[in-house]
Amino acid sequence: MPRFAANLTMMFTERPFLDRFDAAADAGFRAVEYLFPYDHAPDEIAGRLQHNRLTQALFNMPPGDWAAGERGLAALTGRFDELKAGVATALRYAEATGCRRLHLMAGLGDSGDPAAAACYHDAVLHAADALGERGIELMLEPINGRDMPGYFLNDFAAAESMIAGIGLPNVRLQFDIYHRQILHGDVTMALRRLMPMIGHIQIASVPSRHEPDGEELNWPFLFAELDRLGYGGFVGCEYRPRGRTEDGLGWFGPYCD
């Protein structure tokens, strides 16, 4: 049975961020993820996890100036020192929370630009080495251009090539089923082929990015497929509820232990 992690950036937003840990646990989740923890001290996050016996499945490294539109630093030339500082910051939060997977956002840029590609390669290597020393996996996630126009890593083949080319065991694919369906489709066959390099999976209905209970994809089939493939990692619920979060958790009932 898949192990689902509530995404606290998108779910339970009726409450302040720190109170969402309590709400996720009360709803039956045993793990959480979110975009960024950096508005709160590491010990505050850790305390909420411990109090609710929650596992921290994933979070993102600092993305630059998110409010100004930045979506990561890895492919941005001239920002390597800032990226290195962000890796160090993320590791402090990972140590406090026990998180074993961190996502490095590529940033906005032209994937055909050799300078950006070289910068991205160097950033991935640096982050992978730093995380590897702590036994932490580095996630690379292709993101579709409809939700994030101009994102550098917008192709699964490019992510696969990067991961294979780097050749480090802790560099893994973050397979967001929502992004995969929009970018390329063929979700099931991609899961079967790429499973050896997948470190984390995320879900949301397509095209609305709501609860995984309908629209284009057969979610019960896909969840069963993850079991058939032997996937033992977390499945992050990175969706925007249609209304109050708890009112839309009917899909989760059969998987709630």
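What follows is a set of questions and answers about a predicted model of one protein chain.

Trainee: What kind of model is this, and how are its residues numbered?
Mentor: This is a predicted model, where local features need pLDDT of at least 70, side-chain atom pairs count only at pLDDT 80 or more, and totals for chains, interfaces and linings use all residues. Residues are numbered from 1 along each chain as its sequence is written, and side-chain values use heavy atoms, with hydrogens and water left out.

Trainee: How many helices and strands are in the protein chain?
Mentor: The protein chain has eight helices and eight strands. Both are DSSP runs numbered from the N terminus: helices are H or I with at least four residues, strands are E with at least two.

Trainee: Why is the protein chain called as compact as a globular protein of that length?
Mentor: The globule rule is 2.2 Å times the number of residues to the power 0.38, and the radius of gyration is taken over C-alpha atoms. For 257 residues the rule gives 18 Å, and the radius of gyration of the protein chain is 17 Å, which is close, so the chain is as compact as a globular protein of that length.

Trainee: Why is Ala159 called buried?
Mentor: Buried means under 20% relative accessible area, exposed means over 50%, and partly exposed is in between, with a 1.4 Å probe and protein chains only. Ala159 has a relative accessible area of 0%, so Ala159 is buried. Over the protein chain, buried residues make up 54% of the 257 residues.

Trainee: Where does Ala159 lie, and what is Ala159 in contact with?
Mentor: Ala159 lies in helix α5, residues 156–166. Leaving aside neighbours within four places in sequence, Ala159 is in contact with Pro142, Leu153 and Leu173; contact means heavy atoms within 4.5 Å.

Trainee: What makes Phe12 and Phe29 an edge-to-face pair?
Mentor: Rings of Phe, Tyr and Trp (its six-membered ring) pair if their centres lie within 6.5 Å; planes under 30 degrees apart count as stacked, over 60 as edge-to-face and the rest as tilted. The rings of Phe12 and Phe29 are 6.4 Å apart centre to centre, with 85° between the planes, and form an edge-to-face pair. Phe12 lies in the loop between β1 (3–7) and α1 (19–26), and Phe29 in the loop between α1 and β2 (31–33), so the pair ties together parts that are 17 residues apart in sequence. Phe12 is buried at 0% relative accessible area, and Phe29 is buried at 0% relative accessibility.

Trainee: Why is the pair of Phe36 and Tyr38 called tilted?
Mentor: The ring centres of Phe36 and Tyr38 are 6.4 Å apart and the planes are at 35°, so this pair is tilted. Phe36 counts as partly exposed at 21% relative accessibility, and Tyr38 counts as partly exposed at 23%.

Trainee: How do you know that the phi of Arg53 is worth a remark?
Mentor: Most residues other than glycine have a negative phi, and most peptide bonds are trans. Phi of Arg53 is near 55°, a positive value in a residue other than glycine. Arg53 is found in the loop between α2 (42–52) and β3 (55–60), and Arg53 is exposed, with a relative accessible area of 74%.

Trainee: What is the peptide bond from Val206 to Pro207, cis or trans?
Mentor: The bond from Val206 to Pro207 is cis, with omega near 15°. Pro207 is found in the loop between β7 (198–203) and α8 (219–228).
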